[in-house]
Amino acid sequence: MKFSEIREHLSKFKVGIAGAGGLGSNCAVALARTGVGTIVLCDYDIVDISNLNRQYYFTEQAGMFKTEALRDNIAGINPDTVIIAHNIELTTQNIPEIFAGCDVIVEAFDRKEMKEMIAETVQSKIPGIPLVMGSGLAGWGNTGSLKCRRIDNTLFVCGDEETEVSDELPPLAPRVGIVANMQADIVVELLMKTKR
Amino acid sequence: MKITLNNRIEELAGDIMTVSEMLDAKKFTFKMRIIKINGVFIPKDKYKTALIHEGDNVQMLYLMSGG
């Protein structure tokens with residue numbers, strides 16, 4: 001299939017991304033480059049200089065809302081991708097409404113408590129929508145341990161499911177970027193299989 | 001009883017057990033996980049009551065902070 005045909009197909013879909021940090025910003029950029037039509041971005045955080053070791057932002061964007069900075073960055077990469085930005089904290093209550101109409105949701109949170117919250121919310125309140133999670137990406141090396149697992153048609157996980165970030169094992173650009181792009185690739189695979 | 005745990009056959013004592021009992025029996029020490037039984041999501045507050053039977057397909061995913 002030619003890239004023009006892939007892009008034309010992907011332009012018909014809407015993808016939700018929960019979090020615009022290391023996983024979310026890199027995943028969103030990959031999806032926009034590939035031609036996804038609409039991305040719903042959610043994060044309440046602002047860009048900090050310390051984020052630039054792995055997140056898709058620039059020094060002059062420090063202090064901006066991440067969702068707004070990312071919308072600008074994506075506009076400079078693929079202006080055809082529509083970005084719907086929400087500067088709010090996602091909760092069990094607002095997730096079904098914010099991601100209504102999305103064909104796939106990407107979990108891109110930092111804290112595991114939030115990962116658990118969105119999995120429980122999506123799987124029980126909007127069960128038909130596939131959720132692509134990220135879990136285990138800390139540190140460096142052992143690239144081969146990073147993998148994608150399909151639990152079933154509505155739940156996928158990317159990462160090593162073992163390493164956890166800490167002061168001594170921080171998240172770094174290479175492994176975070178690999179997992180973010182694995183998540184994006186699962187989204188592309190799911191959408192390419194969907195007729196529209 | 002035999003169950004499928006993450007696509008592998010596992011032998012467990014008895015004919016029926018709760019999710020909590022299975023986690024204890026397997027000595028799973030991870031604190032954060034997601035569990036589905038036969039494709040049904042099991043919320044954490046149901047681990048003490050949700051039952052696993054012979055032949056069930058149990059899937060587990062481990063949650064690690066970082067993103």
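These legends walk through several close-up views of a predicted model.

Residues are numbered from 1 along each chain as its sequence is written, with chains lettered from A and ligands numbered from 1 in the order in which they are written. Because the model is predicted, local features need pLDDT of at least 70 and side-chain atom pairs count only at pLDDT 80 or more, while totals for chains, interfaces and linings use all residues.

**View 1. The largest nonpolar core and Val187(A).** This core has 64 residues. A nonpolar core here means a set of buried Ala, Val, Leu, Ile, Met, Phe, Trp, Tyr and Cys residues joined through C-beta atoms within 7 Å. A residue is called buried if 20 or more other C-beta atoms lie within 10 Å of its own, exposed if 12 or fewer, and partly exposed in between, with C-beta atoms placed from the backbone. Those with the most contacts inside the core include Val15(A), Leu31(A), Val106(A) and Val187(A). Helix α6 (residues 173-193) of chain A gives the most to this core, nine residues in total. Helices (H or I, at least four residues) and strands (E, at least two) are DSSP runs, numbered from the N terminus. Leaving aside residues up to four places away in sequence, Val187(A) touches Val15(A), Leu31(A), Val104(A), Val106(A) and Val132(A). Touching, or being in contact, means that the C-beta atoms of two residues, placed from the backbone, lie within 7 Å.

View 2. Helix α2(A) covers residues 22-34 and reaches 19 Å from its first C-alpha to its last, close to the 18 Å expected at 1.5 Å a residue. That expected span is 1.5 Å times one less than the number of residues. Among the buried ones are Cys27(A), Ala28(A) and Leu31(A). Their cover includes β1 (14-18), β2 (38-42), α3 (66-75), β4 (104-107), β5 (131-134) and α6 of chain A. Just after the helix, Gly35(A) takes a positive phi of about 115 degrees.

**View 3. Strands β1, β4 and β5 of chain A.** Four bridges join β1(A) to β4(A), and the two run parallel. Look for Gly16(A), opposite Ile105(A) in β4(A). β4(A) also pairs with β5(A), again in the parallel sense, over two bridges; two strands pair if DSSP finds at least two bridges between them. Here Val106(A) stands opposite Val132(A). Val104(A) and Val106(A) point one way from β4(A), Ile105(A) and Glu107(A) the other way, and all are buried.

**View 4. The open sheet of chain B.** Five strands line up in the order β2-β1-β7-β4-β5, with mixed pairing. β2 (8-11) and β5 (40-42) stand at the edges, each with a single partner strand, so one side of each is left without a neighbour in the sheet. Further in, β1 (residues 2-5) and β7 (residues 57-62) of chain B pair in the parallel sense over two bridges. The bridge partner of Leu5(B) in β7(B) is Val58(B).

**View 5. Where chain A meets chain B.** Here 29 residues of chain A are in contact with 14 residues of chain B. On the chain A side, α2, α5 (112-125) and β6 (147-152) each give two or more residues. The largest share, seven residues, comes from α5(A).
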